[in-house]
Amino acid sequence: MLYPQANSHRDVLSLSGIWQFSLDLEGDGERHRWWQGLPSSRPIGVPGSWNEQYQDTMFFMGTGWYQTDFYVPAQWRARTLTLRFEGAGHSATVWLDSELLGGHEGGSLPFEFDISRHAKPGRKHRLTVKIDNRLGPKTIPPGGTDQSNEGAGSSFLAEAISNFSSILPEIQMLPFLLETRKQYPQVPFDFLPYGGIHRPVKLCSIPKDRIQNVRIRNDVKRTRAAVVFDISTVGSATFVEVTVTRGNKSVKAEARIGDGHAQVEIGIPKPALWHPDSPHLYHATVTLLKNTKPIDEYHTEFGIRTVEVTENQMLLNGKPIYLQGACKHEDFPILGRGLSEAVLVKDFSLMKWLGANSFRTSHYPYAEEYLMLADRMGFLVIDEMPTVGLDYKMYTDEILHKCQNLLTELIERDGNHPSVIMWSIANEPDTFTESARDFFGKLRAHAKALDPSRPVTLAAMHVPTDYTFEVVDVISINRYYGWYFDPGQLDVAARKLSEELDAIHAQHKKPILVSEFGADSMAGLHSDPPEIFTEEYQAALLKSYIDVIRSKDFTVGEHIWNFADFKTPQTYTRTVLNRKGLFTRDRQPKLAAHVMRQLWQSGR
Ligand code: BDP
């Protein structure tokens, strides 16, 4: 699936704007054929999560219906017409007029429908989208079945307690302890399960005979790069031509199409390599030819660079690279998870201001615009699957198959971006069982089969007995000493972190990224000596972790949790937001941001 673009053979119409919206509180919208018209609807902004657009939708878990009317331009005749959603969910069901087009599960990857049979050029159509943001035991990510706090896992627990309470009396405390961990909405992760059409919806007009997909890989040998374009096509075109341009130089090559596929290789002597300090991009134009006549084209940018992993290091273009940056969320006041290019630019400019060179798309794939900008501005991205909060009961063939499909979709979408240097196949799943090693081992193998050029990691928390350390290329650990453990004791935290890093590396001989560490701070709360929740304590904790991380020659980076404060479910450990941000939710720097800027602007 190619990212939509307008060029001399293609057209795109944005359907962003104000749509109509109704909550389906009784769950009977389908029975009442709401695609024929929404009852008592109100306006809603698209893209955007529904949560913060109205007071009564803030914590709503259920189905919400969206509707809009649009015209298909009269000149779009004899074309293939597609309707593309960049991201909506958690699940979406789509109707065009009264025709059911289909559905999609997962809110963070694009999906599209061929509507050529239904849509008529020059006519007005009604588009209806039913969104359900409820999660269940088999969705990715998972969630409590009713998203309330009631009755989770009680029979299993009752049985375990009666079996063990004679030998371990403390086990009777377990229901109480588990109760205190609950939050509302009840999800096994720490960000709001937003609902809505989070990313743009686009109406696309493409040629019937067309370029279907373009995969770009490069092989760099000494002073020469071979760039290979794998192109799939639809229809009867015979040749495909690729022109690669940089500055005023260009190289061209072509190949014959066989069975809807062609491979074009272009040699580039002395390539300008892509690197965060010099993010050189090449421009490629792929042209589809029928009897020498151009009938479709696609433009894309790409970078030439290599990534390798040794026992101690990550190498970018053969040289050690150290990742400094923060994990993010797609989260902003009022927009929720909704894409705003202005917020994106603001965030990237703040990351440059900090001196960061990297971030992780915690805990799901972000809008592709993030990667496009990362390519241009020079950020190293760890691209993460939406596999967050998986528990050991989920390691079944059915869930594995689902995760493999998601990974395929992710690599299909993001594989051409030079900024993506590593795939993260999960965040903090249960990894204390051997079944975790098998499950994530198979997921890693799937990633390698689709993309041998990038290392694979997993952000783990079950240190030191973590079975997935055996199957990843780079070990990533999320650590919260000095916060959830040993609060207020930075010396203890530093000692534990240091011992743990040494022990993991001694056993596994793999490079380690500290993929999360941090402390909440309420902007404006100060204390001396530093106490938890103050700006001083957050800054001191980050600094002391970084001293430890940098003292090891096998660490490959420091990723702070989090870039900015973000919205979470309600629980007594959160004051409306998770406040581990270097910036407030509206992107004003806390003390820690200034401290990190000083550290990062002067390099490792
Ligand atoms: C980590 C999770 C992250 C949380 C963070 C926290 O990976 O999603 O937000 O803890 O508690 O374990 O702040």
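Predicted model: local features only at pLDDT ≥ 70, side-chain atom pairs only at ≥ 80, totals over all residues.

User: Why is Ile334 called exposed?

Analyst: The label exposed needs over 50% relative accessible area. Ile334 has 56% relative accessibility, so Ile334 counts as exposed.

User: And what is the phi of Ile334?

Analyst: Ile334 has a positive phi of about 70°, although it is not a glycine. Here's the background: most residues other than glycine have a negative phi.

User: Which other residue has a positive value of phi without being glycine?

Analyst: Lys270, with phi near 45°. You'll find Lys270 in the loop between strand 18 (261–269) and strand 19 (274–275).

User: How do you know that Lys270 counts as exposed?

Analyst: Take the cut-off again: exposed is over 50%. Lys270 comes out at 71% relative accessibility, so Lys270 counts as exposed.

User: Then why does Leu178 count as partly exposed?

Analyst: Buried is under 20%, exposed is over 50%, and partly exposed is in between. Leu178 is at 35% relative accessibility, so Leu178 counts as partly exposed. Leu178 is in helix 2 (residues 174–180).

User: Which residues make the nonpolar surface patch with Leu178?

Analyst: Met173, Leu174, Phe176 and Leu177 make it together with Leu178, and the patch is about 440 Å². A patch residue needs over 30% relative accessible area, and Leu178 has 35%.

User: What makes strand 5 mostly covered?

Analyst: Look at residues 63–71, which form strand 5: seven of its nine residues are buried.

User: Which strands pair with strand 5, and over how many bridges?

Analyst: Strand 2 (residues 17–23) pairs with strand 5 over four bridges, in the antiparallel sense. Leu23 stands opposite Gly64 in strand 5. Strand 11 (residues 124–132) also pairs with strand 5 in the antiparallel sense, over nine bridges. There, Thr68 stands opposite Leu127 in strand 11.

User: How do you know that strand 6 and strand 13 pair?

Analyst: Pairing takes at least two bridges. Six bridges join strand 6 (residues 80–85) to strand 13 (residues 201–206), and the two run antiparallel. For an example, Thr82 stands opposite Cys204 in strand 13.

User: In what order do the four strands of the open sheet come?

Analyst: The order is 1-13-6-10, with antiparallel pairing. Strand 1 (11–14) and strand 10 (111–114) are the edge strands, as each pairs on one side only. Neighbouring strands in this sheet are turned by 25° against each other on average, ignoring direction.

User: What holds strands together in a sheet, anyway?

Analyst: Strands of a sheet pair through backbone hydrogen bonds, either parallel or antiparallel.

User: Which residues does the cis peptide bond with omega of about -5° join?

Analyst: That one joins Tyr184 and Pro185. Pro185 lies in the loop between helix 2 and strand 12 (196–197). Another cis bond runs from Asp528 to Pro529, with omega near 5°. Pro529 is in the loop between strand 32 (512–516) and helix 8 (535–550). As a rule, most peptide bonds are trans.

User: What does the UniProt annotation say about residues 307–601?

Analyst: The unreviewed UniProt entry annotates them as "domain: Glycoside hydrolase family 2 catalytic". In the model, that span is 36% helix and 18% strand, and its end C-alpha atoms lie 24 Å apart.

Terms used
Residues numbered from 1 in each chain as written. Heavy atoms only, no water. Patch = residues over 30% accessible without salt bridge, like charges linked within 9 Å, V, L, I, M, F, W, Y side chains within 5 Å. Areas by Shrake-Rupley, 256 points an atom, 1.4 Å probe, with all protein chains shown as cover. Salt bridge = Lys/Arg side-chain N within 4 Å of Asp/Glu carboxyl O. Buried < 20%, exposed > 50% of the residue type's maximum accessible area, 1.4 Å probe, protein only. UniProt positions renumbered as here; feature names shortened; annotations may be inferred. Axes fitted to C-alpha atoms, helices over the stretch in contact; angles between N-to-C directions.
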